[in-house]
Amino acid sequence: MLRCSTCAREFSELKGTALWNVKLPCERVGSIVEHVTRGNSFKQTAELTHTHRTTVSRLACIAGEHAARVHDQHAQDLHVTSLQADERHGFVGRKDQPCWEATVIDPRSKFIVQNALGKRTTDLAVRLLFGVRSRLHDPHGIVLFTDGWLPYESLFPAVFGRPYQPQRQGKRGRLPKLQYRIPRTSGHVRIIKTSQGKRVVDIRIERAAGSQRRVNQDLASLGHNIPNTSAVERHNGTARRMNPHQIRRSLAFARLPHVRQTVSDLVNGVYNFCRVNWSLRVKLNEPVGRRQYAQRTPAMAIGITDTVWSVLRLLGTVVLPNPCRS
């Protein structure tokens with residue numbers, strides 16, 4: 001037990017973490033989270049960890065909410081110059097209730113900047129893009145690569161542009177509608193794919209906004225010849241393998257939207273902070289035995305942390321949303 005020197009309130013040392021008041025050993029909670037984020041269902045995880053299925057569901061929701069708060073605490077003031085956005089299809093409740101998961105990722109560090117769930121409407125794109133803007137250091141220096149979904153094109157000026165008020169013609173009447181200018185340091189490229197059945201038959205690249213020179217500059221720094229969304233599409237496959245509610249060739253889906261959201265946040269938190277990415281490894285100056293490369297996670301590549309986190313460290317990170325007042 002600890003005691004606050006300001007408000008004199010006593011609390012446990014696990015207060016503010018996902019391990020507070022779970023009534024299970026910490027190692028067992030970490031094992032449950034490991035199994036869930038490996039794509040195992042709640043029933044399989046319960047059998048492997050000798051825990052009741054409802055306990056697994058409860059702990060997954062608690063860990064997911066905590067992972068979302070950890071992401072909000074650390075993913076701020078990000079220095080990125082390009083982003084890729086895409087959506088994945090899933091289900092909630094029943095097979096006739098679709099649920100799309102939209103993701104924005106940094107192609108250099110493979111870090112998930114923002115994630116949003118819901119129906120594939122304009123509201124989903126609004127929550128996604130404005131959430132991304134709130135986490136960036138310079139929202140006016142971004143090149144965004146997306147698919148052909150139209151809300152991206154219509155929202156890009158309002159999210160990443162500079163607002164200005166046009167002058168009024170005359171002295172009476174209301175002011176004109178607020179307009180947005182796209183700075184030369186920003187750009188939006190759409191990769192529009194035409195499919196027949198399950199096969200892509202045509203790909204059309206369209207610069208929707210911004211400077212072509214800025215787009216070419218970012219492509220050269222990424223080492224790409226043509227605009228693409230390869231980083232986020234590769235992550236889609238990884239997310240489907242990690243999330244038990246998005247496994248292919250099965251009927252696995254969440255029964256409640258809250259469970260679907262929290263498990264998605266948990267998978268993203270483990271992916272960003274705990275899972276090393278082979279493409280992010282760096283060569284050591286001096287080999288350590290037979291090891292010549294240092295493995296990194298997306299959070300290490302983007303500069304948030306300097307070590308690979310364990311699942312218990314992610315769950316044990318203290319996040320206090322309401323600190324006491326002096």
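# Close-up views of a predicted model

**View 1. Arginine 204 is partly exposed, at 42% relative accessibility.** Buried means under 20% relative accessible area, exposed means over 50%, and partly exposed is in between (1.4 Å probe, protein chains only). The model is predicted: local features need pLDDT of at least 70, side-chain atom pairs count only at pLDDT 80 or more, and totals for chains, interfaces and linings use all residues. Arginine 204 sits in strand E10. Helices (H or I, at least four residues) and strands (E, at least two) are DSSP runs, numbered from the N terminus. Leaving aside neighbours within four places in sequence, arginine 204 is in contact (heavy atoms within 4.5 Å) with Arg190, Ile191 and Ile192. The side chains of arginine 204 and glutamate 206 make a polar contact of 3.2 Å. A polar contact is a pair of N or O atoms within 3.5 Å; within protein, one must be able to donate a hydrogen and the other to accept it, and residues adjacent in sequence count only if both atoms are side-chain atoms.

**View 2. Glutamine 84 is a buried residue, at 1% relative accessible area.** Strand E3, residues 82-92, holds glutamine 84. Its side chain reaches the backbone nitrogen of alanine 231 at 3.1 Å. A polar atom of that side chain also lies 3.4 Å from the backbone oxygen of asparagine 228. Beyond residues up to four places away in sequence, glutamine 84 touches several others, among them Thr103, Ile105, Pro107, Phe145 and Val232.

View 3. At the start of H6, a side-chain oxygen of serine 211 comes to within 3.2 Å of the backbone nitrogen of arginine 213. After H6 comes glycine 223, with a positive phi near 80°.

**View 4. Salt bridges tie parts of the chain together.** Side chains of opposite charge can pair when their charged atoms come close. A salt bridge is a side-chain nitrogen of Lys or Arg within 4 Å of a carboxyl oxygen of Asp or Glu. By this rule there are 14 salt bridges. In one of them, arginine 135 pairs with aspartate 72, with the closest N and O atoms 2.6 Å apart. Arginine 135 is in helix H4 (residues 122-135) and aspartate 72 in helix H3, so the pair ties together parts 63 residues apart in sequence. Arginine 135 is buried, at 7%. Aspartate 72 is partly exposed, at 39%.

**View 5. Aspartate 218 and arginine 108 meet in a salt bridge, 3.6 Å from N to O.** Aspartate 218 lies in H6 and arginine 108 in the loop between strand E4 (94-105) and strand E5 (112-118), so the pair links parts 110 residues apart in sequence. Aspartate 218 is buried, at 2% relative accessibility. Arginine 108 is partly exposed, at 33%.

**View 6. Arginine 120 and aspartate 147 form a salt bridge of 4.0 Å, N to O.** Arginine 120 is in the loop between E5 and H4, and aspartate 147 is in the loop between E6 and helix H5 (150-160), so the pair ties together parts 27 residues apart in sequence. Arginine 120 is partly exposed, at 35%. Aspartate 147 is buried, at 17%. Elsewhere, salt bridges that share partners join Glu153, Arg190, Arg204 and Glu206 into one network.

View 7. Histidine 50 has a phi of about 55°. It sits in the loop between helix H2 (42-49) and helix H3 (53-74). Histidine 50 is exposed, at 68%. Aspartate 77 has a positive phi of about 55° too. The loop between H3 and E3 holds aspartate 77.

Definitions and conventions
Residues are numbered from 1 along each chain as its sequence is written. Side-chain values use heavy atoms; hydrogens and water are left out.
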